[in-house]
Amino acid sequence: MCPVKNIQQFKNTEKSIMIIGGGVAGLSAAGILGRYNLAVHLVEKTDQLGGNAASWACMATQACQNCGACLVPEMVQQAKNQDNLTTHLNRTVTNIMAEDGKYRVSLDPGMDSPLFVDKIIMATGFSPISPDGLMGEKYHAFDRVITTVDLNKILAGQGLGPYLGETAVPRIGFIQCVGSRNRLKGRDYCSQVCCKVSLRHINKLLSVYPKADISMFYMDLQIMGKETRSAFETLGKNIRLVQGVPLDIMNTKKEGMLTIIREDYASGSRIAEHFDLIVLSVGIAPGSALVRTAPGLHLNADPWGFLLNPTDSGIHIAGCAAGPRDILTSKADGESAARSILKECGFMPSPQQRTVAVFGDGKEALKIAEALRDNGHNALILGKGESDSFPDPKSGLGILWKPFDTLLSVKGTVNRFELVVRPDRGPLETHEVCAVIVAEPVKKQTAFTVENPAWDCLFSIARFEQILDHTPDKIPDRVLFHLGTYPSPPKQEARMALDFALRLVKAGKKADIIIRHMAVHGKTGQKTYDEARKLGVKFFRVTDKEDVTIGRSAQGLTVSIKDAFLFDISLRFNAGWIVVPENATPSPGYKKTMDLLKLESDCEGFFQSPNIRHRLTGSPRKGIFFAGACHDDTDAEDLSREIQTILSSIETLEQRDPGLLTDDTVVIDEYRCVRCLTCYRICPHCAIVIVNGIKPYVVPEACVSCGLCVSSCPALAITQTDFHDPSISNETLGGRDIIFACERSAAIAAKSTTLPENTSLITVPCVCRVDTGTLLKTWLNGASSITLAGCHPGNCRSSHGSRTAVSRTQKTNRLLEKTGAKVEFKPFAANEPVRFQDALFPGK
């Protein structure tokens with residue numbers, strides 16, 4: 001059991017906070033609260049922090065796959081370094097009572113006296129669903145039937161060797177939706193994360209076993225989220241996708257293999273297939289601590305046991321306590337809960353009436369602008385004036401609008417951005433804003449066309465919504481929603497189509513839905529789907545958009561469908577209207593915006609790189625945020641959550657961070673500076689500005705102290721007060737192996753390993769902090785080997801850290817070419833201690 005810290009050092013602290021649960025949400029909340037004069041208690045029922053994700057594997061292959069698991073060891077390390085955080089391991093909450101404006105909390109095993117706290121964050125996490133029924137029976141019967149939880153731990157350890165032996169072409173089957181989407185078990189909800197988890201697992205396995213034969217058995221693949229569609233399209237070419245859950249798993253006469261029995265819809269019969277390993281993709285259930293704790297707080301729960309928003313202002317819900325979440329969403333939840341508490345406890349300054357710029361003038365941008373106004377900020381909309389959703393400037397909403405095309409530049413940093421605008425026939429205008437929120441409308445297009453464009457029976461989801469809301473009498477007796485034009489349409493449009501179909505059948509009309517994969521995201525998605533089927537909405541499943549033919553006759557539309565489950569039988573019927581989703585694609589103007597902001601897009605051309613260090617809504621430039629469909633596959637609930645996250649972040653921007661910004665950590669010596677502006681050009685965070693015409697200056701609030709400018713300055717005019725040049729370069733090394741390790745990745749992984757005696761590990765803020773000169777000095781002083789151990793590409797908080805390290809490694813090796821010496825760059829994640837050990841010290 002972890003001893004409780006002496007909290008007397010905080011006896012002058014007015015407020016005390018308890019976080020119940022030491023997983024992702026709890027740790028992220030503690031990371032925010034720990035920077036303030038608060039006594040924070042973190043209660044965790046197990047003997048370690050990190051929750052379920054603490055044992056998960058890194059999914060990176062050639063680049064980061066954005067799973068977020070590597071953030072957990074970093075957050076654990078941060079928690080251990082917080083002086084005002086008391087961690088209660090191996091303890092559970094047994095009783096909570098409201099008493100004199102505080103909460104009286106008892107813990108088990110008991111303490112000398114109960115704790116009195118002012119606020120509570122419920123961050124009790126989740127419990128992986130244990131396989132039951134037939135799949136549970138097979139899971140317990142066969143060693144080679146494992147769950148995705150097991151696979152995570154196996155991949156984080158020594159790998160699948162004990163399961164697959166030396167086979168180079170293993171046959172592996174993934175079975176989705178084990179435990180969730182099950183009405184009979186009272187779990188009629190989608191866990192939302194399982195499909196992405198399995199896709200990442202498969203991608204990881206293919207990097208280890210390139211010739212592996214992998215099959216994925218599914219009900220409906222939930223292909224949604226940032227870059228998920230492009231990843232699925234690439235991965236789908238290398239695996240076999242089989243719609244339908246297997247009927248049985250049996251022993252086989254073939255040694256070491258298992259047999260799956262399934263329906264083969266192509267032949268209309270049951271067939272047997274053999275596999276070396278079968279992985280059950282298990283869902284998410286409420287955490288066990290939540291089940292014990294919630295009654296004492298009189299909190300309301302949904303039908304599945306997840307907590308609803310409390311009426312008690314002293315209680316906050318974060319992470320999977322509120323429902324299925326992935327790591328990044330849970331982290332954002334915890335941070336938002338912590339910032340709400342800071343505001344309630346008076347640690348946030350009273351909001352000043354400052355201006356925030358919003359790029360975009362669609363419905364999402366207007367909703368953001370209204371939220372800013374309602375929270376005491378001015379909103380400056382920069383839009384193209386093409387949306388009819390934006391109100392007349394004279395409407396009295398208090399929102400200023402400027403044409404985006406007049407925007408010439410975005411200068412400055414967080415709290416002091418300067419937007420330079422040139423109005424028509426007018427002088428230049430400079431608008432100072434504290435933050436920028438990008439919410440530009442996406443370009444929408446449909447992959448479905450009809451023979452005659454003059455037909456008046458084809459509608460987009462948005463157009464149909466207007467008719468349904470205002471003139472429903474115009475809608476014919478039967479409407480077809482064609483969602484099969486894409487493997488998975490945007491989740492907002494998929495949900496709207498399902499809701500509209502329900503409204504039609506409840507009004508006495510007929511509704512049909514064509515799908516490839518039915519989106520059932522959100523806690524109510526599965527129930528809505530089940531209700532629609534029960535009330536008579538007919539669903540037809542196709543494998544390709546070519547399986548649907550639509551023509552015109554005297555009776556209206558004629559529809560012919562080749563349903564995937566009906567073999568060679570084609571279904572034909574008449575419908576009055578057809579409603580199709582519009583796929584979101586990047587707007588042609590996105591590139592201009594990214595150039596103005598000096599930021600990168602994702603692989604699909606949408607705003608915001610997928611780097612987990614800055615998501616869900618942030619960017620490498622502090623104070624620049626993204627919201628809505630322009631950067632992710634979002635629905636209305638997602639947008640509301642993003643707006644709240646951004647609003648709480650903006651309020652934090654109004655003060656210097658007491659944990660990180662008590663001193664200016666990177667300083668430019670104006671007497672040594674030669675004004676070459678190298679630092680200004682290369683900073684990935686735009687934290688360096690030009691003052692007095694030519695003098696570069698580091699803005700502390702915008703700097704993340706990566707050290708790239710320090711190591712790149714040709715005049716050696718930049719110093720870092722919290723980190724000095726590695727003294728190792730001035731020592732006689734005597735044949736030692738030297739590792740320069742990033743403090744956020746390799747250095748954390750190394751803490752769980754044992755370094756050989758002849759190895760020295762130097763922790764650096766980022767591997768980009770190590771310049772070519774330091775590498776050469778290290779070699780000249782007798783190093784036997786030199787390794788730069790940084791983050792996986794795409795995972796570096798400084799964006800360019802790993803890329804810079806690779807470039808400097810190559811440059812150094814060219815200089816050392818004739819000596820036989822070699823410098824290596826190797827990427828690691830914080831949760832890869834086994835791989836760190838094996839890669840750097842094989843056989844030791």
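**Note on helix packing, cavities and backbone exceptions**

1. In α10, the residues E364, K367, I368, A371 and L372 meet A636, L639, S640, I643, L647 and I650 of α15, where contact means heavy atoms within 4.5 Å. The residues of this contact of α10 with α15 divide into 8 nonpolar, 1 polar and 2 charged. In this division Ala, Val, Leu, Ile, Met, Phe, Trp, Tyr, Cys and Pro count as nonpolar, Asp, Glu, Lys and Arg as charged, and the others, Gly among them, as polar.

2. The model is predicted, with pLDDT of at least 70 required for local features and 80 or more for side-chain atom pairs, while totals for chains, interfaces and linings use all residues. Residues are numbered from 1 along each chain as its sequence is written, and side-chain values use heavy atoms, with hydrogens and water left out.

3. Two packed helices are described by the angle between their axes and the distance between the axes. For helix α10 (residues 363–374) and helix α15 (residues 636–653), the angle is about 40° and the axes are 11 Å apart. The angle makes α10 oblique to α15; angles under 35 degrees count as roughly parallel, over 145 as roughly antiparallel, 65 to 115 as roughly perpendicular and the rest as oblique. Axes are lines fitted to C-alpha atoms, for helices over the stretch in contact, and angles run from 0 to 180 degrees between N-to-C directions. Helices (H or I, at least four residues) and strands (E, at least two) are DSSP runs, numbered from the N terminus. The crossing of α10 and α15 is right-handed. A crossing is left-handed if the near helix is turned anticlockwise from the far one by less than a right angle, and right-handed if clockwise.

4. Helix α11 (residues 461–470) packs against helix α12 (residues 491–506) at an angle of about 30°, with the axes 11 Å apart. This makes α11 roughly parallel to α12. Their crossing is left-handed. On the α11 side, I461, F464, E465, L468 and D469 take part, meeting E493, M496, A497, F500, R503 and L504 in α12. The classes in this contact of α11 with α12 are 7 nonpolar, no polar and 4 charged residues.

5. The axes of helix α1 (residues 24–33) and helix α2 (residues 71–80) come within 9 Å and cross at roughly 45°, which makes α1 oblique to α2. The crossing of α1 and α2 is left-handed. V24, L27, S28 and G31 in α1 meet V72, M75, V76, Q78 and A79 in α2. By class, the contact of α1 with α2 has 6 nonpolar, 3 polar and no charged residues.

6. On cavities, the whole structure contains 7 of 30 Å³ or more. A cavity is a set of points, on a 1 Å grid over the protein atoms alone, where a 1.4 Å probe fits but cannot get out, and lining residues have an atom within 4 Å of a point. Grid points are joined across faces, edges and corners, and a volume is the space filled by probe spheres set on the points. The largest cavity holds about 100 Å³. Its lining has 14 residues, with C683, C703, C706, G707 and C709 nearest the centre. That lining comprises 11 nonpolar, 3 polar and no charged residues.

7. Most residues other than glycine have a negative phi, and most peptide bonds are trans. The D108 to P109 peptide bond is cis, with omega near 0°; P109 is in the loop between β5 (102–108) and β6 (115–117). R615 and L616 are also joined by a cis peptide bond, with omega about 20°, and L616 lies in the loop between α14 (590–597) and β36 (624–626). R675 is not a glycine but has a positive phi of about 60°. R675 sits in the loop between β37 (666–668) and α16 (678–682).

8. E582 is in the loop between β34 (577–580) and β35 (583–585). Leaving aside neighbours within four places in sequence, E582 contacts K444, Q445, S460, P490 and E493.

Technical notes: 1 Å grid on protein atoms, 1.4 Å probe; cavity = no way out; pocket = protein on both sides within 12 Å on 5 of 7 lines; lining within 4 Å.
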